Amino acid sequence: MAVYTDVAADELTDYLSQYDIGELMSYKGIAEGVENSNFLLHTSRGSFILTLYEKRVAKGDLPFFLGLMTHLAAHGLNCPQPVMNRNGEALGALAKMHLAGQDFSMSRANALSVSGWRPLFNAASDRADQVKHGLRDFIAAELDYLESGVWPRDLPHGVIHADLFPDNVFFLGERLSGIIDFTFACNDLFAYDVAICLNAWCFESDHSFNVTKARAFLNAYARERSLSESEQDALPLLARGAAIRFLLTRLVRPKDPLEYARKLRFHQSVASVRDYGLTVSGMVA
């Protein structure tokens with residue numbers, strides 16, 4: 001999330017007049033992240049999140065994003081529920097999401113899966129060695145490997161968030177209170193979503209892997225949905241893919257890509273899912 005488009009109070013008041021959410025009392029931008037413009041609104045009827053989708057988001061994808069949030073909210077997941085305007089138009093925790101989305105009828109391909117990584121690299125490869133000498137060859141070699149047919153295709157799949165970073169999750173005290181920003185939501189492997197979260201949540205500020213955090217995360221996931229043996233076996237590879245995906249998007253942005261280069265090197269060294277704190281039987285030690 002971020003704020004790229006400033007909105008004046010009178011413009012916002014006029015816009016909100018299309019919705020039955022009460023009178024605007026105050027609002028502020030949500031500054032974290034890199035996608036879209038987001039504002040926290042306080043009205044006479046409660047608190048709301050306003051998302052202004054920026055140019056990168058395809059207009060044709062909006063029904064999927066908004067339909068998915070409506071569907072997940074109806075299934076008890078704490079995520080923003082799109083507010084219907086006066087004309088009736090809707091546009092204007094991980095395992096639970098995977099389970100809740102199983103009967104969601106719409107689908108959207110993951111544009112940032114294996115087939116989308118090479119174009120990102122081609123667009124930004126000239127910058128790679130400016131960031132760090134040898135980075136271009138490092139990325140190219142990893143892409144060659146991931147494109148060589150090793151990527152799993154037959155694992156359990158469905159709707160995934162694909163961008164569940166800490167700044168897209170709200171907590172009240174120690175309790176998770178909501179998940180937001182479904183801009184990258186799509187249909188893909190559930191275990192790939194888990195791999196994204198391992199990258200996003202389980203490394204320290206010095207880029208070292210925290211197996212205690214990983215064990216706690218995988219344990220919490222397994223209480224809602226168990227990872228199959230095939231998913232467990234594929235997790236190190238999927239984590240490499242997740243790392244290269246964020247390395248490349250940060251190279252294009254630009255945003256520091258070296259954080260994910262370091263994470264990728266760690267995943268390349270992983271021998272089995274045990275290195276993430278998960279035993280072969282699926283129980284977390």
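Tutor: The model is predicted, and it holds nine salt bridges. Three of them are described here.

Take Arg118 and Asp144: their closest N and O atoms are 2.9 Å apart. This pair links distant parts of the chain, with Arg118 in helix α4 (residues 114-131) and Asp144 in helix α5 (residues 135-150), 26 residues apart. Arg118 is partly exposed, its relative accessible area being 22%. Asp144 is also partly exposed, at 48%.

Helix α5 supplies a partner to another bridge as well, since Glu142 lies there and Arg240 lies in helix α8 (residues 229-252), so this pair ties together parts that are 98 residues apart in sequence. The closest N and O atoms of Glu142 and Arg240 are 2.8 Å apart. Glu142 has a relative accessibility of 3% and therefore counts as buried, the cut-off being under 20%. Arg240, at 15%, counts as buried too.

Lys263 is buried, with a relative accessible area of 3%, and Glu259 counts as buried at 19%.

Finally, some bridges share partners: Arg118, Asp144 and Glu147 are joined in this way into one network.

Conventions
Residues are numbered from 1 along each chain as its sequence is written. This is a predicted model: local features need pLDDT of at least 70, side-chain atom pairs count only at pLDDT 80 or more; totals for chains, interfaces and linings use all residues. Side-chain values use heavy atoms; hydrogens and water are left out. A salt bridge is a side-chain nitrogen of Lys or Arg within 4 Å of a carboxyl oxygen of Asp or Glu. Helices (H or I, at least four residues) and strands (E, at least two) are DSSP runs, numbered from the N terminus. Buried means under 20% relative accessible area, exposed over 50%, partly exposed in between (1.4 Å probe, protein chains only).
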